[in-house]
Amino acid sequence: MTNPATDARPVMELRNVSVAYHGDIRILQGLSLAVRPGQITGIIGPNGAGKSTALRTLYGLLKPIEGDVAVDGEVVTGMPPWRFIAKGIALVPQNRSLFNDLSVEDNLRLACWSFRRDKARVNGALERAYAQFPILHERRKQPAGKMSGGQQRFLELGRALALQPRVILLDEPTAMIAPRLSAEIYEFIATLPKQGITVVLVDQNVRQCVRISDHLYVLELGQNKVDGAKQDFAQDEQLRTLIAEWVDYRIDA
Amino acid sequence: METLVIIGIVNGLIVGGVYALIGMSLTLLYGVLRVVNFAHGEFVIGGSFLAYVLFNTFGIPPLAALPIAAISFFGLGYVAYFLLIPRLARSDDPESMSFLMMYGLSIALAAFMLVLFEADSRSIDYSFTPISMKVGPVYVATARVVALGVTLVVAAGVSAFLFLTLPGKALRAAIMNREAIQIMGVDIVKLSAFAFALATGIAGITGVLVALVFPAFNAFSGPEYAIIGFIVVVLGGLGNPLGALAAGVFYGLAEQLATVFLPQAMAQIVGFALLVGTILVRNAGFGRWRVSR
């Protein structure tokens, strides 16, 4: 089974990574994970499996006690989070990441910090965000914290995409979002690979995550229980059963 | 009585301006770094001693000492950041360690100033001409009026920086959400060093103003100002620079008016009553912002 997409060099990797909180509580235990270009890589698993921790470790917000993080095959373990933007990698974290008292536009401008002196590029980024989410343009002068939950999510997505990243990491993009809006957000995420954006999606919403993902990782207790391309999951009854047991969702054959 | 009240208000504004600057710099530093700088009072008094030395040794008047204090203390803060703060990151409990470290720094700096200047109280023997000015029905020392003017300029300047420029907004953003600002590609180490330097620079300026406004200072005056700074920071809402400005003026007015209406000994209690009252009623202070943790 050769697939040029899966055989391409991973854009981001965790290599045998262990992460611990407070010195000894291990959240990740020797987790390896590869993000293939042009795909949506879904990370699922029960609560406490270490999904968000894996994502935060990929982005340098947590430092592994063992193992390495790699970008384009190059080891970047210990690289601080603010260097990832320059490598074309954006993160939309699970907890709210807006600056509530700053205006919508200032939130977008701060995302352009790394090229803030390039006025044309900053304006281009703002225009892209406004074109993608017109509500942001309408509310550009308002404090970000005054918008509804859904609009705030759009701003976080717009802010990340305005940078034209080649990889975007999404942690629970529809947590606390109304169902109808959630569906809209997943449709939107599903279109990103067509725009040349690689996606890493960590989600509790297993149904949607499995539906739009190309490659799945199922984590359990900080380890990779099983992973594979989605068609492998669909074709293998054992894997389908496993997924169904673990995350209560059946992949259609 | 009416004149006393007016004097109280004028003095309250002048003294409150000094408190406001101390509070604003402390709250910026706390907001961005999450470090409570117990040594902030010593940096302020360091500014007073710098003005003292500049005048007594080099004949440089206090107004000319202001930019010197601002620049040298900014540099001092920048160096101090890299000497002190990165060490905290190696601890399992950086916040508790920061208390110990900054308290230790406070003692060390006070001792250092004691060695240099001995324990006597100092004042700058410089007088403006005219020596006092008529403000409404009352006379106020020119030095104090000048200090109020400087306070207004500094407060307006720092506020404009924080609210109108992108680096200033980045500082405020770091106060609002320290993790998110890193995701935006902002180097939090550089930003923190800048915040520490800015806060220390403001402390240096405030020190010169302390020398103009208050009768005397000595190596051990630091904690008096630091404590007032902490009260102002809490009143204004942790990490809220505008709240700290307003709270500083409010505290100054309360303190000065209390001396008009209450016995001297009681007046000193007013500040602490304000602090305790605020913590009991609204533990996030009266500012609109809350520091997210």
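Student: Taking strands as DSSP runs of at least two residues, numbered from the N terminus, which strand of chain A does Asn16(A) lie in?

Tutor: In this predicted model, Asn16(A) belongs to strand β1 of chain A, which covers residues 12–21. Its phi is near 55°, a positive value in a residue other than glycine.

Student: Is Glu172(A) buried or exposed?

Tutor: Its relative accessibility is 5%, and since buried means under 20%, Glu172(A) counts as buried.

Student: And Glu138(A), is that one buried or exposed?

Tutor: Glu138(A), which sits in helix α5 (residues 134–138) of chain A, is exposed, because its relative accessible area is 63% and the cut-off for exposed is over 50%.

Student: Staying in chain A, what is Ala125(A) in contact with, leaving aside its neighbours within four places in sequence?

Tutor: With those neighbours left aside, Ala125(A) is in contact with Cys112(A), Phe115(A) and Ala162(A). Ala125(A) lies in helix α4 (residues 119–132) of chain A and is buried, with a relative accessible area of 1%.

Student: What sits over the ring of Phe115(A)?

Tutor: The charged end of Arg121(A) does, at 3.8 Å from the centre of the Phe115(A) ring. Chain B also has such an arrangement, in which the charged end of Arg172(B) sits over the ring of Phe163(B), 3.8 Å from its centre.

Student: Changing topic to rings, how many aromatic pairs does the structure hold?

Tutor: Over all chains there are 20 aromatic pairs. One of them joins Phe55(B) to Tyr126(B), with 5.3 Å from centre to centre and 80° between the planes, an edge-to-face arrangement. That pair links distant parts of the chain, since Phe55(B) is in helix α2 of chain B while Tyr126(B), 71 residues apart from it, is in the loop between α4 (94–117) and β1 (132–135).

Student: Why is the pair of Tyr126(B) and Phe128(B) called edge-to-face?

Tutor: The planes of Tyr126(B) and Phe128(B) stand at 85°, with the ring centres 5.1 Å apart, so the pair is edge-to-face, given that plane angles over 60 degrees count that way. Tyr126(B) is partly exposed at 29% relative accessible area, whereas Phe128(B) counts as buried at 12%.

Student: Where is the cis peptide bond?

Tutor: The cis bond runs from Thr129(B) to Pro130(B), with omega near -5°. Pro130(B) is placed in the loop between α4 and β1 of chain B.

Student: What does α4(B) pack against?

Tutor: The buried residues of α4(B) pack against α2, α3 (62–88) and α8 of chain B; among them are Met101(B), Leu105(B) and Phe117(B). The helix α4(B) has 24 residues and reaches 33 Å from its first C-alpha to its last, close to the expected 34 Å. Just after α4(B), Glu118(B) takes a positive phi of about 60°.

Student: And which residues of α9(B) are buried?

Tutor: The buried residues of α9(B) include Tyr225(B), Ile228(B), Val232(B) and Leu235(B), and the buried residues pack against α1, α2, α8, α10 and α11 of chain B. The helix α9(B) covers residues 222–236 and spans 21 Å between its end C-alpha atoms, close to the 21 Å expected. Just after α9(B), Gly237(B) takes a positive phi of about 95°.

Student: At what angle do α1(B) and α9(B) pack?

Tutor: They pack at an angle of about 70°, with their axes 8 Å apart, and because angles of 65 to 115 degrees count as roughly perpendicular, that is how α1(B) and α9(B) are described. The contact includes Tyr19(B), Ile22(B) and Leu26(B) of α1(B), together with Tyr225(B), Gly229(B) and Val233(B) of α9(B).

Student: Which residues form one aromatic cluster with Tyr19(B) and Tyr225(B)?

Tutor: Phe214(B) and Tyr251(B) form that cluster together with Tyr19(B) and Tyr225(B).

Notes
Residues numbered from 1 in each chain as written. Chains lettered and ligands numbered in written order. Predicted model: local features only at pLDDT ≥ 70, side-chain atom pairs only at ≥ 80, totals over all residues. Heavy atoms only, no water. Helix = DSSP H or I, 4+ residues; strand = E, 2+ residues; numbered from the N terminus. Expected span 1.5 Å × (residues − 1). Buried < 20%, exposed > 50% of the residue type's maximum accessible area, 1.4 Å probe, protein only. Contact = heavy atoms within 4.5 Å. Phe/Tyr/Trp six-rings, centres within 6.5 Å; stacked < 30°, edge-to-face > 60°. Lys NZ or Arg CZ within 6 Å of the ring centre and 35° of its normal. Axes fitted to C-alpha atoms, helices over the stretch in contact; angles between N-to-C directions. Parallel < 35°, antiparallel > 145°, perpendicular 65-115°, else oblique.
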